[in-house]
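Trainee: Please take a close look at one strand and what surrounds it. Keep it brisk.

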Amino acid sequence: MINRPSSPAIILAAFGTTVLRGMKTFEQIDGAARGRFAGHVVRWAFTSGLVSRRLSGQGVVTRRVEEVLAELAAAGYGQVAIQPLHVAPGHEFARLGQIACDGLEIAVGKPLLDSDEDVRRVAAAIAREVRPEATNVLVLHGTNDCPAC
């Protein structure tokens, strides 16, 4: 009989980045998550196969969500929370809700912009960065899956 850990494991699931400088942002998020959820195992996974392949070509090892889930199941975890770091609920986010792993109860969190209210809150949070005297451009990766975007 496997002695199951009492706390759910957490997977931070990001699309990923091929810009190694961009990894610094992930390091900050990792530190914040580990500090906030100190009693939980925190793992990372990238949802983009293209990003994973490109990083592999640069010698950077990444893991996909399915791989991390299999490792956690083998380690005896029964519950896993996947927190997407996606900005909007596009194709990569939708795929997270379809992933299953025998023996695991999986809960998937929401992306940053999941509702009209989320969009309003983010707009209010970045309002101080907007310069009325200049042209301001906000760019979001396109998707046809996000009604709030």
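Mentor: Strand β1 spans residues 9-14 and is mostly covered, with six of its six residues buried. Buried means under 20% relative accessible area, exposed over 50%, and partly exposed in between (1.4 Å probe, protein chains only). Strands are DSSP runs of E, at least two residues; helices are runs of H or I, at least four; both are numbered from the N terminus. This is a predicted model: local features need pLDDT of at least 70, side-chain atom pairs count only at pLDDT 80 or more, and totals for chains, interfaces and linings use all residues. Residues are numbered from 1 along each chain as its sequence is written, and side-chain values use heavy atoms, leaving out hydrogens and water.

Now the two faces. A9, I11 and A13 point one way from β1. I10, L12 and A14 point the other way. All of them are buried.

Next, the pairing, for which DSSP must find at least two bridges between two strands. β1 runs parallel to β3 (residues 79-84), joined by five bridges. Within that pair, I82 of β3 stands opposite I11. Five bridges also join β1 to β2 (residues 42-46), again parallel. There, A13 has A45 as its bridge partner. From β1 the chain passes through helix α1 (residues 23-36) to β2, a right-handed β-α-β crossover. Right-handed means that, with the strands pointing away from the viewer, the path from the first strand over the helix to the second runs clockwise.

Finally, T47 lies in the loop between β2 and α2 (49-57). T47 counts as buried because its relative accessibility is 2%.
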